[in-house]
Amino acid sequence: MISILLATYNWPQALKLCLESLATQTEQDFEVIIADDGSTESTKQMIDAFKATSPYPITHLWQEDLGFRKTQILNRAIDAAQGDYLIFLDGDCLVQPDFVERHRLLAQPGYLVTGSRVLLDEKLTQDLLVWPKWDFARLSSMLPSERLRGGINKYLPLIIKFGNSTLRVYKKFVWRRIKGCNMACWKKDALAIQGFDESMTGWGHEDADFVFRLQRHHIKRKSGSWATEVFHLYHPIHDQSNAAENARRVREKILAKAI
């Protein structure tokens with residue numbers, strides 16, 4: 001079974017759409033563990049209501065809001081996962097119907113997968129948030145015109161999808177295209193490196209640190225682009241005051257390995 005570890009914080013409208021998009025999957029053998037970094041009661045109420053009719057099992061893990069502590073709540077989610085393969089997803093991302101199927105296709109012992117995203121602008125995001133329910137077919141019909149308007153930043157990877165091949169494998173660690181909102185690895189590999197570095201607080205680069213430590217543990221990285229793209233809803237930029245310090249710490253680990 002696959003466990004989808006879904007990180008969220010105080011955006012129940014987006015999370016509802018995300019959960020609805022997961023309900024339309026062609027591949028149904030998965031569970032969802034919501035890693036909630038301190039959302040208010042409105043998020044819990046939405047989750048409880050969705051659970052009543054959800055086609056997949058949902059576990060809601062919550063921790064007190066003491067600032068950006070995504071690493072801690074994700075580690076709890078890793079421990080709680082019943083599946084042997086983990087897909088990391090953010091609650092402000094919507095998935096295509098073959099999202100889980102494509103991740104399963106790319107899953108391979110000894111590898112992790114870093115996926116890609118399609119950025120939505122503010123107007124398209126607001127339009128989607130007032131839909132009564134997620135409708136992938138409706139969005140698909142809008143995508144060509146939205147690409148021309150600038151509502152999305154790319155279109156071709158949504159209609160042209162490539163399978164598994166050695167061309168996807170990175171030869172060494174590179175920082176590019178690591179998105180914590182769409183990546184996957186085996187649970188045993190995540191546990192072997194003790195999950196995310198919980199000393200990294202505040203927004204930024206905890207995902208790159210996780211991927212680097214997996215690769216240092218002899219797990220190879222594979223690209224999930226042109227297969228697993230998610231739709232990333234627009235939102236204001238996070239507080240990035242810790243980003244530079246987090247990046248410095250990751251670079252120190254990279255340099256230490258190189259010496």
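This is a predicted model: local features need pLDDT of at least 70, side-chain atom pairs count only at pLDDT 80 or more; totals for chains, interfaces and linings use all residues.
Q: Why are helix 1 and helix 2 called roughly parallel?
A: The axes of helix 1 (residues 12-22) and helix 2 (residues 41-51) cross at roughly 20°. Angles under 35 degrees count as roughly parallel. Helix 1 and helix 2 are therefore roughly parallel to each other.

Q: What makes the contact between helix 1 and helix 2?
A: Helix 1 supplies Pro12, Leu15, Lys16, Leu19 and Glu20. Helix 2 supplies Ser42, Thr43, Met46, Ile47 and Phe50. The two axes come within 9 Å, and the crossing is right-handed.

Q: Why is helix 5 called roughly antiparallel to helix 6?
A: Helix 5 (residues 122-129) and helix 6 (residues 136-149) pack at an angle of about 160°. Angles over 145 degrees count as roughly antiparallel. So helix 5 is roughly antiparallel to helix 6. Their axes are 12 Å apart.

Q: Which residues of helix 5 and helix 6 meet?
A: Lys123, Leu124 and Leu128 of helix 5 meet Leu139, Met142, Glu146 and Arg149 of helix 6. Helix 5 passes helix 6 in a right-handed crossing.

Q: Why is the pair of glutamate 27 and arginine 104 called a salt bridge?
A: Their closest N and O atoms are 3.1 Å apart. The cut-off is within 4 Å. The pair therefore counts as a salt bridge. The structure holds eleven salt bridges.

Q: What does the pair of glutamate 27 and arginine 104 tie together?
A: Glutamate 27 lies in the loop between helix 1 and strand 2 (30-36). Arginine 104 lies in helix 4 (residues 99-106). So the pair ties together parts that are 77 residues apart in sequence.

Q: What makes the nonpolar surface patch of about 460 Å²?
A: Leu156, Ile159, Ile160, Phe162 and Trp226 make the patch. Ile159 is found in helix 7 (residues 156-159).

Note on methods
Residues are numbered from 1 along each chain as its sequence is written. Side-chain values use heavy atoms; hydrogens and water are left out. Patches are made of residues with over 30% relative accessible area and no salt bridge: like charges are joined within 9 Å, nonpolar side chains (Val, Leu, Ile, Met, Phe, Trp, Tyr) within 5 Å. Accessible areas come from the Shrake-Rupley method with a 1.4 Å probe; for residues, only the protein chains shown count as cover. A salt bridge is a side-chain nitrogen of Lys or Arg within 4 Å of a carboxyl oxygen of Asp or Glu. Helices (H or I, at least four residues) and strands (E, at least two) are DSSP runs, numbered from the N terminus. Axes are lines fitted to C-alpha atoms, for helices over the stretch in contact, and angles run from 0 to 180 degrees between N-to-C directions. Angles under 35 degrees count as roughly parallel, over 145 as roughly antiparallel, 65 to 115 as roughly perpendicular and the rest as oblique. A crossing is left-handed if the near helix is turned anticlockwise from the far one by less than a right angle, and right-handed if clockwise. Contact means heavy atoms within 4.5 Å.
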